[in-house]
Amino acid sequence: MNEARTRCLARARHWIDRVESRPENHWAVHNRLGILFTEAGDHGAAEDALHSALRTARIGYEEASTCANLAVVMADSGNWSRAVHWAELARPTREAAQGSGRWLDVRMRAESVLFLAARESGDSRAAAGHANALQHICRQQIDRWGNDHPRALEALATMASAQHTIAVGKHDLKAMDRLVDVLAVAAQRSAAVLGARHPQAQAVRTALDRADEGTRHARAQQARAEPEPERRLDRRRRVASSMDRVPVLELLVHGIDGATPEEMLGDPRVVQISGDTTAALFRKIDDTYAEQHPEDRPERPIPEAYSWSRLTAGNRSRVLWLLLFPFMAVNLAHWMHPSAPGHPRFLRLHGVLVRVAALSLTVLVVAAACELSMDLVAWQCSGTRACVERQRFWLGFMAPESDGWWSQPGRRLAVGALLPCAFIALLWRLSHRSWNTYESQRPISHSRDSEGDKLADHHGPALASPGFWYGRRLVARLNAAHTAAGCLVVAAALTLAPARFDRTAGYSAVLVAAGWALEGAIITVALITVWVLCRRGHSRHRIDQRLDVPLTRAVLGSAVALLLLALVYAMWSRPTWQSVGRLPGDLIFSVGQLAQTLIVVALAVIGRTLFRRKPDVRTALSGLAPAAVVLLACFLYSVMAAGAVQGLADWLNDYGGVDIIAGPPPLVTWQMSTIPALVAVLLAQVGIVHVQLRRRERRLSGVVGLDYPDEHPDPLRAGDIASARARASLTDSAPWLVGTMAAAVLLLSSLAMAGAWVSDEAPGGFATGASGLAGVFIGSSQGLSSWLIAVGFLLFLNSGRRAYHDPSSRGAIGILWDLGTFWPRAAHPFARLCYSERAIPDLTWRMTTWTSMTGGRLMVSGHSQGSVLAVAAIWQLAPSVRKRVQLLTYGSPLERIYGRWFPAYFGPGALHALHREVDAWRNLWRFTDPIGGPVRITPVRITERSGPDVDRPPLKDPLALGRTPHHPLPAPINAHAAYQADPAYTEERELMLARMSPPIGPPPSSGQSLPHRLADPRSAP
């Protein structure tokens, strides 16, 4: 490859010599050719090119630069006498050295060659003199270009290499180690700025390898030179000293705001030490290898930031996941049950009911898609002449009067089945891709230190179970079951209508038998699918790596095969068949909604029973939260589907006020008619909350001044602070808002079911025959609901547009997903992927590797959602390791949100157990914070190390009421942000570091604690 490159460059040089141009162009071109020949390894051609450049160079800078290049070429070829000759000629005069900055390049190259020549000849005094001169020049070069400019990086590497050579001569191992670190940073920066294959980056990497090899050689020589007793004594001293100087790792985990590593570390120069583009660990550049030199920072911890923001918010496409919000809500309901130690059967029944409710939600969503494309479009509109005439531009090929191949009802149904099949395929693809991404992240497997560790893991809190965050087997089975259920719904929609025609018309005995066989097979596979869904998924007390591949493939394959057979059966030629009325099978909506209502009632009974066994006043809705959330999720999707179906039906039926198609099933229209009543309930809630908010503001306005006794009263400022505190307290009103809305939904959905079953017609037709106020209300609700659906659709489009163009709106949606997708997908596989199954193993691995290398000096600092991740990761540690961890949380929703809505996992028992397990725990919070709050733990055993309480008294926000000498400008109301800027954070952090337990275990290794992969120090996660 180099020979071919050399030939090409030689031909290019020959061509350039023939080009008539100005002399200065000849000089620049030949200099560039000399550099290229040098990189290709052809030093003779490089020397010829540079001599040609020297002949056309002007006296001064051009001549000196060419001489410097010749010196470099001669040094590379090993001709040191000629290299020194050209380097001496290249050294500028004093006047030139004090001139333009471009002379620094010439001086640096010349001094580098002279230094290398002195080192080669063994003249240590001359080498030291040239090294000092080179250091001065390189510092000027760095100041001139800035830290990350390629020339500055070249100067940094040159200076570090020269100083390392001098340190080798002096046998200064400490200086050698420091200079190897400098070269490592220079190599990383060069690779990031120029690319790893750039010649300069490769040269810096080569210099780093040589320096590292020289350091190891010098250390080995020094070890061999020491007598054996001295080496043993020195080793004991180093071990004892290192035990006293074990560095403290401060692991920072950001919250839902998605802070960058630069913001968390307070330094714009950071380096990625582990991870990928999705989630990674970062340090300051100065702390890249800090654990190798604990003596340099005996009192200061090593801050390290874990950035996980790209796991959740930020992408514009995430706005579309709002359409799948009900799936996520049903999945959350699985984890909302009250704490029930000693009642595993109730918990198992709760899980089965939630999974069945999730399956019914998938079935009804796919049925709604079938209603849209197969019933309204393919069956009703395409079979009605008047409707086809109005929609001929896209339905003309299926018109019955055209006598085309697609005009038969069964074949039209096959065309309509494309939409639900595509919808199912899309959901399966999204679930399977995220399953491969996050659910496949295997947690760390501990080697238990004792039987006590094993016993604590098996009988401890659920979050301590080794397989809690490894739901690969369960999600695979759920994915197969829900996909199979969707395929069976489409297969049933394709089979029922032709089977009914075959049996009534007596068209063919073979087709009648095929219809019965298909219906029986669909029912059989449906029952097997429900059984697969209800059976025990996997054990969370161990890392379950089984996937039930034969079972899932059999269920999913059978459903897909039945769908294909149903397509063939429906498309079979039946010339006399005509589509009349609605497509058979609309009973699925009534049965599905009734089943969901019964499941909600059962969940309510189980929740209240568990709550009474172990009551806690802080539990949201007194154990009814799972039932309320499932009810709201199912009803939300029912209303969304009903709105879409009714909107399409109204558009197809718009024929001068005359209905030309039968329209959707009555229950769908009745469900849609409940929207005005729900909007009225929502407006009433908003009004009540507004009144309560104003009352709180008036009450708090007189209390705010008590927090600032040394300042003059400021009613306007106090009103702003009181308003912020009142708005933050709205988070505590969420349970009764959800409860009242769920009660209204249960009442309205029951009335809708009763109205549909009693009347068997749409609300408009029922209202025509009814009299009095009820008839007027029902009729007006149906008309008003159509307008509300249109307004809601426009609002959704506007929110999507804003989120696409406005990152702040997209951030609000990201916060919603951060809170909703924390939990594994244990109920619905089509919910948004669980980022915790990647983040928590990351944190657990980092904590375990650090404590095993350093003996356990570790402080975890978590903000907002980061504190939840930190707590979950600490529970995944071995019990003997948890005692070595200190925890500092701020703005934490551990008790305020997770403890109330998920009491079985973050309730008082779990939080008290965590406080007993860790070395120390402190929590910071504010009255103005709408997310974070106190964890409400008062330790039973008060020690000097743990302190009297976990919660610090609420922080002042703002720090000053008005203008003070320390705050000449008005202090901001930070609410949920800027906890690290508060003096209380610094105070608590210093106190925790001061009372940290002495190190336990082995001394730190001489190597790195992680296989560092250096990255661009300027890059953000």
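These are my notebook entries on a predicted model of a protein.

**Ground rules.** I number residues from 1 along each chain as its sequence is written, and I leave hydrogens and water out, using heavy atoms for side-chain values. Since I'm on a predicted model, local features need pLDDT of at least 70 and side-chain atom pairs count only at pLDDT 80 or more, while totals for chains, interfaces and linings use all residues.

**Overview.** I looked up the helices and strands (DSSP runs, H or I of at least four residues for helices, E of at least two for strands, numbered from the N terminus). The protein has 39 helices and seven strands. Of its 1021 residues, 52% count as buried, meaning under 20% relative accessible area with a 1.4 Å probe, protein chains only. I also checked contacts, that is, heavy atoms within 4.5 Å. Among those with a separation of 6 or more, 78% join residues 24 or more positions apart.

**Cores.** Next I looked for nonpolar cores, sets of buried Ala, Val, Leu, Ile, Met, Phe, Trp, Tyr and Cys residues joined through side-chain atoms within 4.5 Å. The largest holds 168 residues, and Phe822, Trp823, Phe906 and Trp921 have the most contacts inside it. Helix α15 (residues 344-381) gives the most to this core, 18 residues. Another core, of 33 residues, lies apart from it, with Ala118, Ala175, Ala184 and Ala186 among its members.

I then picked Trp921. Leaving aside neighbours within four places in sequence, Trp921 touches residues including Leu887, Leu911, His915, Ile937, Asp949 and Met992.

**Helix α22.** How far apart should the ends of α22 be? I have 26 residues (509-534), and at 1.5 Å a residue they should span 38 Å; the end C-alpha atoms are 38 Å apart, so the two agree. The expected span is 1.5 Å times one less than the number of residues. Buried residues in α22 include Leu511, Gly515, Glu519, Thr529 and Cys534. The buried residues of α22 pack against α15, α21 (472-505) and α23.

**Helix α3.** α3 (residues 43-56) has 14 residues and reaches 20 Å from first C-alpha to last, close to the 20 Å expected. Its buried residues include Ala45, Glu47, Leu50 and Ser52.

**α18 with α23.** The axes of α18 (residues 409-416) and α23 (residues 549-571) come within 7 Å and cross at roughly 145°. I take axes as lines fitted to C-alpha atoms over the stretch in contact, with angles from 0 to 180 degrees between N-to-C directions. On the α18 side I found Gly410, Arg411 and Ala414, meeting Leu567, Ala570 and Met571 in α23.

Key. Buried means under 20% relative accessible area, exposed over 50%, partly exposed in between (1.4 Å probe, protein chains only).
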